[in-house]
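Keep the sequence and the structure open while reading.

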Amino acid sequence: MSEHHAKITWQRTSQDYTYQTYNRAHEWAFTGTTVPASATKEYRGDPARVNPEEALVAALSSCHMLTFLAIASKRKLSLDSYVDDAVGFMEKNEAGRLAITRVTLRPKIAWTAGVTVSSDDLAAMHHEAHEGCFIANSVTTKISVESQ
C-alpha cells in the first residue's frame, strides 16, 4: 500500500468570471517538481501547458514502460532505449459521455547489441507489462500495443 499526492493550484486572473473569460492555467505540484497545466485548447486552455487528457495518456505509457523495463531486466534482456509515441482518443463512451476510451501505445525498443527477442516473446512481455501496470489496472480505457 502506498499514497500518492498531488497539489493542484488555480488562481483567477480575469476581472470577471464567465466561461469565456476565466483562465484555465493552473499548476500540478508534486514532491520536487511543478508542472504547468491547463485545459485542452478545445476548451479554451493553453496548448503550451500539459492538459489532463495528455497526462492520462502519458501516465499509461510511462507505467507500461516502467513495468516492461522491470520485466526485461528480470529476464536479463538488456535494452538501450524505449520510445513510445502514445495516442489517446477522446470519444463518447458507452454511457454517451466524453472519455479517453482508448489509448494506443507504440513503443520502439532498441535492444542492446547481441540481444535478440522474438516477436512472440516481445508480445508476451508487453502483455505481462499491461497486466502489471498499476495505472492500466485503474482505468476502463482500452489499451493496445502496436509493437515495432
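## What covers helix H1

The buried residues of H1 are covered by parts of the chain that include strand E4 (79-84), strand E5 (87-92), strand E6 (98-105), strand E7 (107-111), helix H2 (119-132) and strand E8 (142-145). The model is a predicted one.

Which residues of H1 are buried? They are Val57, Leu60, Ser61, Cys63, His64, Thr67, Phe68, Ile71 and Ala72. Residues three or four places apart in an α-helix point the same way, because the helix has 3.6 residues a turn.

## Length and ends of H1

Helix H1 takes in residues 52-74, which makes 23 residues.

At the N-terminal end, H1 is capped by Asn51. A side-chain oxygen of Asn51 lies 3.0 Å from the backbone nitrogen of Glu53. Just after H1, Lys76 has a positive phi of about 60°.

## Thr67 in the helix

Thr67 is a residue of helix H1. Is Thr67 buried or exposed? Its relative accessible area is 18%, and a residue under 20% counts as buried, so Thr67 is buried.

A polar atom of the Thr67 side chain lies 2.8 Å from the backbone oxygen of Cys63. If neighbours within four places in sequence are left aside, Thr67 is in contact with Glu128, Ala129, Gly132 and Cys133.

## Salt bridges

Side chains of opposite charge can pair when their charged atoms come close.

Arg75 is in the loop between H1 and E4, while Glu128 is in helix H2, so that the pair links distant parts of the chain, 53 residues apart. Arg75 counts as partly exposed because its relative accessibility is 39%. Glu128 is also partly exposed, at 38%.

Glu91 forms a salt bridge with Arg102, and their closest N and O atoms are 2.9 Å apart. This pair, too, links distant parts of the chain: Glu91 belongs to strand E5 and Arg102 to strand E6, and 11 residues separate them. Glu91 has a relative accessible area of 28%, which makes Glu91 partly exposed. Arg102 is partly exposed as well, at 34% relative accessibility.

Arg49 pairs with Asp46 in a salt bridge, with the closest N and O atoms 3.8 Å apart. Arg49 has a relative accessibility of 23% and therefore counts as partly exposed. Asp46 is partly exposed, with a value of 32%.

## A nonpolar patch on the surface

Which residues form a nonpolar patch on the surface? The patch consists of Tyr19, Tyr43, Met90 and Leu98, which together have about 400 Å² of accessible area.

Where is Tyr43 found? Tyr43 is in the loop between strand E3 (33-37) and H1. Tyr43 counts as partly exposed because its relative accessibility is 37%.

Key: Residues are numbered from 1 along each chain as its sequence is written. This is a predicted model: local features need pLDDT of at least 70, side-chain atom pairs count only at pLDDT 80 or more; totals for chains, interfaces and linings use all residues. Side-chain values use heavy atoms; hydrogens and water are left out. Helices (H or I, at least four residues) and strands (E, at least two) are DSSP runs, numbered from the N terminus. The expected span of a helix is 1.5 Å times one less than its number of residues. Buried means under 20% relative accessible area, exposed over 50%, partly exposed in between (1.4 Å probe, protein chains only). Contact means heavy atoms within 4.5 Å. A polar contact is a pair of N or O atoms within 3.5 Å; within protein, one must be able to donate a hydrogen and the other to accept it, and residues adjacent in sequence count only if both atoms are side-chain atoms. Patches are made of residues with over 30% relative accessible area and no salt bridge: like charges are joined within 9 Å, nonpolar side chains (Val, Leu, Ile, Met, Phe, Trp, Tyr) within 5 Å. Accessible areas come from the Shrake-Rupley method with a 1.4 Å probe; for residues, only the protein chains shown count as cover. A salt bridge is a side-chain nitrogen of Lys or Arg within 4 Å of a carboxyl oxygen of Asp or Glu.
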